[in-house]
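Here is a short note for your first look at this model. Keep the structure open as you read the points.

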Amino acid sequence: MSPSDAERAERADVHEVSQHWPGPRTIAIVNGKGGASKTPTTVLMAAVFARYGGAGVLTWDNNQTRGTLGWRTEQGPHEATLLDLLPQTDRLLSTGAQSADLAHFVHHQTRDRYDVLRSKPMELASAQRVDAADVDAIHQVASKYYRLIFIDSGNDESDPMWRRMIDHTDQLVVATTTRDDHAEAGALLLEALAERDERTAQLAKNAVVVVNQADPKANNAARVADGYRAIARDAITIPHDPAMVDGVLRYGSLRPATQRAWLAAGAAVARGL
């Protein structure tokens, strides 16, 4: 029997996310509202690319105020964060540095095969202030050792840390739930980038939107996605899944339909790289 249309579509999506591109690629996951599903989108998008495409995938918590990426992922045999990595960037960029040296600072996800560079949410923002030059230094290190860099961002679009992240971004992903305030915040962010300059306008036009049905009773995910298709390249809906609500996020713990939706979202991102 010939494969069905659904099987062909799934094989095509697997092919998209399994590729290796020449040079590193940076994907920023954004929304100006907290709780809009940025961290789950960062985690599960990275898992898709690492599972199908192999090693060399990093997630980075680029957040001044209580970034939760470290809370939703597996901790390695240490408690290091980006604050520990920053003083070592010159050494890690030197010719004598080795990729294994990064294991002192990142947390490997043993099931989903990507690495996590955590922030330190226990500290106040004033105690872990990161400026634009620090973002440049971290990105230099990440680009040297990883082929794909997924950045989980904060909520302040005026923060130099956030704006510098955008300068390094190759593909923009807007994460939102079905809540009106989350969807509106994401749309306003795209509109602001469209007016900022030519480069960010192109990022906004080429953006992929991931609509997560965080509320099991919501039935408007398709409507939210349709609203975004006028201002972004693509919009993918993710069904509600209890495995995404709390605790450590693992791709293998999701329902088959949810895994398939995340694969489709990853393929949409891959087509922009």
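How many nonpolar, polar and charged residues does the lining of the largest cavity have, by class? Point 3 gives the reply.

1. **Ground rules.** This is a predicted model, where local features need pLDDT of at least 70 and side-chain atom pairs count only at pLDDT 80 or more, while totals for chains, interfaces and linings use all residues. Residues are numbered from 1 along each chain as its sequence is written, and side-chain values use heavy atoms, with hydrogens and water left out.

2. **The cavity.** A 1 Å grid is laid over the protein atoms alone; a cavity is a set of points where a 1.4 Å probe fits but cannot get out. The count comes to one cavity of 30 Å³ or more. The largest cavity holds about 50 Å³ of space. That volume is the space filled by probe spheres set on the points, with grid points joined across faces, edges and corners.

3. **Its lining.** Lining residues have an atom within 4 Å of a point. Here they are Leu58, Leu85, Leu102, Val106, Leu117, Ile138, Val141, Ala142 and Tyr146. By class, nine are nonpolar, none polar and none charged. Nonpolar covers Ala, Val, Leu, Ile, Met, Phe, Trp, Tyr, Cys and Pro; charged covers Asp, Glu, Lys and Arg; the others, Gly among them, are polar. Helix H5 (residues 132–145) gives the most, with three residues. Helices (H or I, at least four residues) and strands (E, at least two) are DSSP runs, numbered from the N terminus.

4. **The pocket.** A pocket is an open set with protein on both sides within 12 Å along at least five of seven lines. Helix H2 (38–53) and strand S5 (148–153) are the elements that give two or more residues. H2 gives the most, with three. By class, the lining divides into seven nonpolar, 16 polar and eight charged residues.

5. **Ser37.** Look at the backbone here. Most residues other than glycine have a negative phi. Ser37 has a positive phi of about 85°. Ser37 sits in the loop between strand S1 (25–30) and H2.

6. **Arg113.** Phi of Arg113 is also positive, near 70°. Arg113 lies in the loop between strand S3 (107–108) and strand S4 (115–117). Arg113 is partly exposed, at 47%; that class lies between buried and exposed, which is over 50%.

Methods
Buried means under 20% relative accessible area, exposed over 50%, partly exposed in between (1.4 Å probe, protein chains only).
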